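Me: I would like a close look at a single part of this structure, and then a view of how the rest of the chain relates to that part. Please keep the account plain.

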Amino acid sequence: MKRRHLALAELCERAYTEATHVTSEVEVLAVNGDEHLYLAVRGTETAIKPKSWRWADIKGALGNIRDIARDLRFYPMRTRHGRAHRGFLLSARRWIDTFAAKLPPSEIIICGHSKGAAEASHIAQRLHEKGFTVKEIVLFGEPSSRSQSSRNYLHSLNIPTTSYINRRDWVRHTPPWGYPSTRRRKLAGKKGHAIGNYVHNLKQRAQR
């Protein structure tokens, strides 16, 4: 499990430069393995100043602003299974509506970092409800996005879920209400929120 979770952290890091399934600023990298389809959901990109006046760079900066705006839509939204972070939930639903019918009928392992971690848990829930087999959810630096009843519902689906948190990762305090998908598992080593620090800490852990 240690090496598998390290590989998923590395896939999340790769998702910051690659994406295969993108809609409404939800960027997902899908990779077909021997037995599973791996989905890695990109987190918030905070660079809001364009690198140049080229349209591609301006468009990227505008997308990052939309990322941040979605993070700030943290007021809870009522669902059949409890309340959830409005921005993350609506993003996950849009992604499912766009891509669920296009995914192969493979067993799915889904991971994500930061905003992408919260979205990954909601995407996993919706995929399960649509009849997909979600084998595992692995999250890195996950913000809170669920009420207690929403988290209890996710647990009732019996999908193995792990949520890692680094020391001094500020995301543990956001938003100012709610719960992560499951109890967070603390990592020793480098502090902070960057996905590279999660990769480093899991690499050190796998070598023990």
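In which loop does S114 lie?

Reply: The model is a predicted one. S114 lies in the loop between β6 (107-113) and α4. The phi of S114 is near 60 degrees, which is a positive value in a residue that is not glycine. S114 has a relative accessible area of 7% and is therefore buried, the cut-off being under 20%.

The buried residues begin with K115, G116, A117, A118, E119 and A120, and continue with S121, H122, I123, A124, Q125 and L127. Charged side chains are on that list too, among them K115 and E119. After α4 comes G131, with a positive phi near 100 degrees.

N158 is not a glycine either, and has a positive phi of about 60 degrees. N158 lies in the loop between α5 (148-156) and β8. Its setting is another matter: with a relative accessible area of 66%, N158 is exposed, whereas S114 is buried.

T174 and P175 are joined by a cis peptide bond, with omega about -15 degrees. P175 is placed in the loop between β8 (161-166) and β9 (184-187).

Helix α3 (residues 86-99) has 14 residues and spans 20 Å between its first and last C-alpha, close to the expected 20 Å. In α3 the buried residues are G87, F88, L89, L90, S91, A92, W95, I96 and F99. An α-helix has 3.6 residues a turn, so residues three or four places apart point the same way. W95 and F99 are both on the buried list of α3.

The two ends of the chain also meet. Beyond its neighbours within four places in sequence, K2 is in contact with R205, A206 and R208. K2 counts as partly exposed because its relative accessibility is 35%.

The helices themselves pack here. The axes of α1 and helix α6 (residues 195-206) come within 9 Å and cross at roughly 160 degrees. That angle makes α1 roughly antiparallel to α6. The crossing is left-handed. On the α1 side the contact is made by K2, R3, H5, L6, A9, E10, C12 and E13, and on the α6 side by I195, G196, V199, L202, K203, R205 and A206. By type, the residues of this contact divide into seven nonpolar, two polar and six charged.

For the chain as a whole, there are six helices and nine strands. Of its 208 residues, 51% count as buried. Among contacts between residues at least 6 apart in sequence, 66% join residues at least 24 apart.

Technical notes:
Residues are numbered from 1 along each chain as its sequence is written. This is a predicted model: local features need pLDDT of at least 70, side-chain atom pairs count only at pLDDT 80 or more; totals for chains, interfaces and linings use all residues. Side-chain values use heavy atoms; hydrogens and water are left out. Buried means under 20% relative accessible area, exposed over 50%, partly exposed in between (1.4 Å probe, protein chains only). Helices (H or I, at least four residues) and strands (E, at least two) are DSSP runs, numbered from the N terminus. Contact means heavy atoms within 4.5 Å. Axes are lines fitted to C-alpha atoms, for helices over the stretch in contact, and angles run from 0 to 180 degrees between N-to-C directions. Angles under 35 degrees count as roughly parallel, over 145 as roughly antiparallel, 65 to 115 as roughly perpendicular and the rest as oblique. A crossing is left-handed if the near helix is turned anticlockwise from the far one by less than a right angle, and right-handed if clockwise. The expected span of a helix is 1.5 Å times one less than its number of residues.
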